[in-house]
Amino acid sequence: MSTSLLKKAYDPENFRREGHQLIDLLGDHLKEVFQEEKGKVIDHATPMEELQYWKNYLEEGVPGAWPEKLLEHSIHLHNPRYMGHQISPPVPLTGLTGLASALLNNGMGVYEMGAGPTIMERLVTDTLCETLGYPGDAAGFLTSGGTLATLTALLSARKRKVGHNVWENGSGPALAIMVSEEAHYCVDRAARIMGLGTRGILKVPAGKDFRIRTNLLQEVYDTAEADGLQVFALVGSAPSTATGIYDDLEILQNFAAVKNLWFHVDGAHGGAAMFSGKYRKLLKGADLSDSIAIDGHKMMMMPAITTALLFRDKRDSHNTFVQKADYLLQDSPDEDWYNLAKRTFECTKYMMSLHWFVLLKTYGKGLFDEFVTTLYDLGHTLGEMVAAEPMLELAVKPMSNIVCFRYVAGEKDAATLNKLNSDIRKKLLESGEYYVVQTTLGGTFYLRTTLMNPFTTKEHLQGMLNRVKHHGSGFLGK
């Protein structure tokens with residue numbers, strides 16, 4: 001059997017040549033979109049148009065042309081006019097750590113398959129636990145995204161707080177968790193995967209400020225108990241995805257402690273505020289939580305997808321997937337902390353710890369402080385700018401870098417305003433000059449910005465608002 005294709009595919013000199021070409025191309029791309037602000041943020045096409053383009057390329061395109069084609073058909077997060085989803089423009093250095101991780105491909109299920117990155121993961125999660133304010137016997141690990149982290153945390157909560165041995169005996173008593181109606185859908189999804197069903201997801205109403213109404217916690221809890229449900233966990237948002245509003249974590253933690261509930265903090269977006277001297281106060285109470293999830297690919301400038309899941313008691317980080325009676329917690333988890341497949345949902349995972357470790361080593365914690373503080377300040381600035389515009393209306397005063405607003409211009413009819421703002425969003429998307437997204441809050445359509453680029457300026461924000469007003473007035477004929 002011929003091995004010519006295998007030799008070509010694995011040839012080091014091909015890799016060296018193509019790698020240098022790719023790095024040069026990406027370097028030029030960063031300069032153009034990041035420093036010179038050339039081109040659109042997004043060159044929007046319909047799914048069917050995009051499908052046909054890549055189908056044609058697969059059948060007829062030049063093999064080595066894929067990098068240029070990919071750049072043309074990708075959204076450009078490093079452009080300061082990107083103001084859309086909660087995905088970081090990665091620090092360029094993490095492009096190199098991603099390359100090293102992909103090529104070395106250490107599976108990290110057992111220690112021998114990834115000794116270096118396994119130790120890096122331990123050092124990174126220890127640093128995060130210490131920075132948050134967890135005690136010395138806290139621990140954690142990295143996993144593939146906030147949704148998987150939330151599911152793992154709730155599985156840990158069930159194992160710790162529920163007497164029934166689910167691992168051995170299957171479904172047990174009717175269980176429930178409490179969470180804000182404004183929480184990220186990953187909490188709802190995790191609860192359903194666990195078999196709690198709609199009945200077991202107790203949505204606590206939010207107030208006009210979109211924070212969980214803590215004055216209703218007791219009522220929701222009592223109603224659940226009277227309905228035969230065993231509540232075992234309470235989830236706080238730090239912040240909620242739609243609005244960027246932080247729940248009062250301190251009050252939630254106090255309630256959880258009184259009721260002997262597991263308290264989990266969904267800090268996927270805003271847990272990184274622990275590094276900000278100015279904004280870490282938003283996390284007050286998180287240091288007393290039982291667990292917290294923090295995405296590296298949101299507010300810590302890393303490529304997707306990597307999430308830290310931290311536990312206040314390190315025993316809980318070891319026992320989620322241990323197939324013993326639920327009440328038997330290990331006395332000495334340290335003896336096997338380095339075989340990660342026993343602790344995480346994944347049996348194989350890529351070397352995601354390299355991103356965290358190299359950023360910490362190269363730039364220190366100060367990098368995360370600057371990033372979070374800069375973007376949260378920018379969110380407050382945009383909130384002030386919107387509030388000063390008579391044609392615009394804020395959904396809520398921002399607490400973070402997520403800002404929701406809409407064009408109103410004196411119109412009163414709700415349906416008309418919803419359609420108007422939806423049309424404005426479509427115009428922005430089609431032009432590609434600015435990228436913002438959308439959300440619906442209480443039936444009202446809002447334009448939603450997440451300011452993820454620390455080099456976005458007030459001038460960029462004003463330019464975006466000017467386009468919103470221009471499109472809005474055009475639709476209304478004003």
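How is the lining of the second largest pocket divided among nonpolar, polar and charged residues? In this predicted model, twelve residues of that lining are nonpolar, four are polar and two are charged. The second largest pocket holds about 370 Å³ of space. Its lining consists of 18 residues, and those closest to the pocket centre are F34, V91, P92, P454 and F455. Two helices, helix 2 and helix 15 (366-387), each contribute at least two residues to the lining of the second largest pocket.

A total of 47 residues line the largest pocket, and L22, I23, L26, W66 and L99 are the ones nearest its centre. At least two lining residues come from each of helix 1 (4-9), helix 2 (12-35), helix 4 (66-72) and helix 5 (92-104). Helix 2 accounts for the largest share of this lining, with 16 residues. Helix 2 also supplies at least two residues to the lining of the second largest pocket. By class, the lining of the largest pocket comprises 27 nonpolar, 14 polar and six charged residues.

Two helix pairs were examined for packing geometry. In the pair formed by helix 16 (residues 414-431) and helix 17 (residues 458-476), the axes approach within 9 Å and cross at roughly 125°. Helix 16 is therefore oblique to helix 17. The crossing of helix 16 with helix 17 is right-handed. On the side of helix 16, the contact involves L420, D423, I424, K427 and L428, which meet R467, V468, H471, G472, F475 and L476 of helix 17. Six nonpolar, two polar and three charged residues make up this contact.

In the second pair, helix 10 (residues 217-226) packs against helix 11 (residues 249-259) at an angle of about 35°, and the two axes lie 11 Å apart. Helix 10 and helix 11 likewise form a right-handed crossing. L217, Q218 and Y221 are the residues of helix 10 in this contact, and they meet L252, F255 and K259 of helix 11. Of the residues in the contact between helix 10 and helix 11, four are nonpolar, one is polar and one is charged.

Backbone geometry was considered next. Most peptide bonds are trans, and most residues other than glycine have a negative phi. Cis peptide bonds occur in the model between A238 and P239 and between A304 and I305. For the bond joining A238 and P239, omega is about -5°. P239 is located in the loop that connects strand 4 (230-237) to helix 11, and helix 11 is the helix that packs against helix 10. For the bond joining A304 and I305, omega is about 10°. I305 is placed in the loop between helix 12 (296-299) and strand 7 (307-311).

A positive phi, near 55°, is found at N105, a residue other than glycine. N105 belongs to the loop between helix 5 and helix 6 (115-132). Helix 5 is also one of the helices that supply at least two residues to the lining of the largest pocket.

Terms used: Residues numbered from 1 in each chain as written. Predicted model: local features only at pLDDT ≥ 70, side-chain atom pairs only at ≥ 80, totals over all residues. Heavy atoms only, no water. 1 Å grid on protein atoms, 1.4 Å probe; cavity = no way out; pocket = protein on both sides within 12 Å on 5 of 7 lines; lining within 4 Å. Helix = DSSP H or I, 4+ residues; strand = E, 2+ residues; numbered from the N terminus. Nonpolar A, V, L, I, M, F, W, Y, C, P; charged D, E, K, R; others polar. Points joined across faces, edges and corners; volume = space filled by probe spheres on them. Axes fitted to C-alpha atoms, helices over the stretch in contact; angles between N-to-C directions. Parallel < 35°, antiparallel > 145°, perpendicular 65-115°, else oblique. Left-handed = near helix turned anticlockwise from the far one by under 90°. Contact = heavy atoms within 4.5 Å.
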